[in-house]
Amino acid sequence: MPQTDWNQLRELACERRDTLGQRLAEAATVRDAARQKLEMLLDYRSEYDSRLARNTNDGIDAEKLRSYRTFLANLERAVDQQTQLLANAQQRVADAQALWRGEQRQVDSFRILDQRQQAEIARSAGRLEQK
């Protein structure tokens with residue numbers, strides 16, 4: 001294979017790896033944002049659970065109790081939805097990592113083959129000098 005074709009293949013593999021690396025970084029950013037939002041929702045739920053417990057101990061009328069419970073039920077649904085979003089985002093990161101690793105192996109293979117070719121050229125040059 002001519003050297004220019006080889007260089008083009010190697011460069012293409014590097015470009016694909018870099019593109020996949022950018023997608024991996026974007027997926028990780030989305031995952032981190034989803035995790036942050038879930039943590040915020042969990043903190044918010046804990047805070048409202050504490051408020052409900054305090055108000056229940058201090059005495060709370062039925063309407064406020066119903067309002068707290070409705071709000072907490074809605075908050076629990078939001079936590080469940082965000083948990084699912086986080087799981088999906090984590091899966092996208094795992095998929096992107098697998099793709100990136102595969103492309104990195106391709107780049108590594110080109111590098112190893114280049115090293116072998118250079119070593120063969122050096123051996124050939126050494127043999128010519130010995131003659």
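Glu47 and Arg51 are joined through their side chains by a salt bridge, with an N to O distance of 2.8 Å. The model described here is predicted. The two residues sit four positions apart in helix H1 (residues 3-58), a separation of about one helical turn. Arg51 is partly exposed at 28% relative accessibility, and Glu47 is likewise partly exposed, with a relative accessible area of 36%.

A search of the whole structure gives 10 salt bridges. Side chains of opposite charge can pair when their charged atoms come close.

| Salt bridge | N to O distance |
|---|---|
| Arg17 and Asp18 | 3.1 Å |
| Arg51 and Glu47 | 2.8 Å |
| Arg111 and Asp108 | 3.7 Å |

In the pair formed by Arg17 and Asp18, the closest N and O atoms are 3.1 Å apart. Arg17 has a relative accessible area of 18%, and it counts as buried because this value is under 20%. Asp18, by contrast, is partly exposed, at 41%.

The salt bridge between Arg111 and Asp108 spans 3.7 Å from N to O; this pair qualifies because the cut-off is 4 Å. Both residues belong to helix H2 (residues 62-130), where they lie three residues apart, about one turn of the helix. Arg111 is partly exposed, with 41% relative accessibility, and Asp108 is partly exposed as well, with a relative accessible area of 25%.

Terms used: Residues numbered from 1 in each chain as written. Predicted model: local features only at pLDDT ≥ 70, side-chain atom pairs only at ≥ 80, totals over all residues. Heavy atoms only, no water. Buried < 20%, exposed > 50% of the residue type's maximum accessible area, 1.4 Å probe, protein only.
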